[in-house]
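Please keep the sequence and the model in view while reading.

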Amino acid sequence: MAPTPFLTIIPPDVDLAELQAGLADDGVVAPPEMTPAIVAAVSQARADGYDVHFVVTDTIYPKITYYRDIATELQSETGGTVIVLGGNYVGSSSDEFSRVELENATDNLAISNPPQAAQQMVDRLTGQSDVPWTLVTIGLIAVVAVGAVIARKLQLRKGTSAAEVDGTAESVASRPGGSDSPDPR
């Protein structure tokens, strides 16, 4: 097993080796009545190309960071994404999703119903990846660049018209007699 990361605290009642063995089987460690529904969520994630694991515990730890610490330690061995659904909080660790994506997926999670919470997490995590942010960014840059070119052309056209008008006024003023003198004809 990998060394515990600095400042990671695993509660003494957690047997990481036992959890690791349970995750190796089907990606789920949960009470038997919840396991089939959570395994279905894990299968859906795997079909979408993600390696997701769930641990369900009814233990309520005094520090919510314990759930994340458990997930981090398990994820260092399993890889992919490990989500620990606790009695009062969710902990997660992933090499597939950013911390922001993980935290966003936990918003308004049905934590009192772990199978539903597992399905919500999978749906939210795999759904967040559907937006091609690189293409959106390139598109926005292109729009700004085209807008800048159009603005510059309009500015030059307006500037040329003003110069022509100024040039005409200068040529009239430079004629003998100036622009105010009567026409000699």
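## Aromatic cluster

The structure holds four aromatic pairs, where rings of Phe, Tyr and Trp (its six-membered ring) pair if their centres lie within 6.5 Å, and planes under 30 degrees apart count as stacked, over 60 as edge-to-face and the rest as tilted. One of these pairs joins tyrosine 61 to tyrosine 66 in an edge-to-face arrangement, with 5.8 Å centre to centre and 75° between the planes. Tyrosine 61 also forms an edge-to-face pair with tyrosine 67, at 5.3 Å centre to centre and 65° between the planes. Ring pairs link Tyr61, Tyr66, Tyr67 and Tyr89 into a cluster.

Both tyrosine 61 and tyrosine 66 are buried, a term that means under 20% relative accessible area, whereas exposed means over 50% and partly exposed lies in between (1.4 Å probe, protein chains only). The relative accessible area of tyrosine 61 is 8%, and tyrosine 67 counts as buried because its relative accessibility is 0%.

## Basis of the model

This is a predicted model, in which local features need pLDDT of at least 70 and side-chain atom pairs count only at pLDDT 80 or more, while totals for chains, interfaces and linings use all residues. Residues are numbered from 1 along each chain as its sequence is written, and side-chain values use heavy atoms, with hydrogens and water left out.

## Overall make-up

The protein chain contains six helices and four strands, which are DSSP runs numbered from the N terminus (helices are H or I with at least four residues, strands are E with at least two). Read from the N terminus on, the elements follow the order α-β-α-β-α-β-β-α-α-α.

Of the 185 residues in the protein chain, 32% count as buried. The accessible surface of the protein chain comes to about 11200 Å², and 59% of it belongs to carbon and sulfur atoms; such areas come from the Shrake-Rupley method with a 1.4 Å probe, and for residues only the protein chains shown count as cover. Among the contacts in the protein chain with a separation of 6 or more, 53% are between residues 24 or more positions apart, a contact meaning heavy atoms within 4.5 Å.

## The sheet

The four strands form an open sheet in the order S1-S2-S3-S4, with mixed pairing; two strands pair if DSSP finds at least two bridges between them. Strand S1 (28-29) and strand S4 (90-94) are the edge strands, each pairing on one side only. S1 and S2 run parallel and are joined by two bridges, and valine 28 has phenylalanine 54 in S2 as its bridge partner.

Strand S2 (residues 52-56) and strand S3 (residues 81-85) also run parallel, joined by five bridges, with histidine 53 standing opposite valine 82 in S3. Five of the five residues of S2 are buried, so S2 is largely enclosed by the rest of the structure. In a regular strand the side chains alternate between the two faces of the sheet. Val52, Phe54 and Val56 point one way from S2, while His53 and Val55 point the other way.

In helix H1 (residues 16-26), the residues Leu16, Leu19, Gln20 and Leu23 are buried. Seen down the axis of H1, these buried residues fall within an arc of 100°, so they line one face of the helix, the arc being that of the directions from the helix axis to the C-beta atoms. They pack against S1, S2 and helix H3 (65-78), whereas the face of H1 turned away from this buried side carries the exposed residues Glu18, Ala21, Ala24 and Asp25.

Helix H2 (residues 35-47) has 13 residues and reaches 18 Å from its first C-alpha to its last, close to the 18 Å expected at 1.5 Å a residue; the expected span is 1.5 Å times one less than the number of residues. Thr35, Ile38, Ala41, Val42 and Ala45 are the buried residues of H2. They cover an arc of only 125° around the axis, which puts them on the same side of H2, and on the other side Pro36 and Ala47 are exposed. Just after H2, glycine 49 takes a positive phi of about 95°.

## Two loop residues

Serine 98 lies in the loop between S4 and helix H4 (99-105) and counts as partly exposed, at 35% relative accessibility. Asparagine 108 is found in the loop between H4 and helix H5 (114-128), where asparagine 108 has a positive phi of about 55° although it is not a glycine. At 74% relative accessibility, asparagine 108 counts as exposed.
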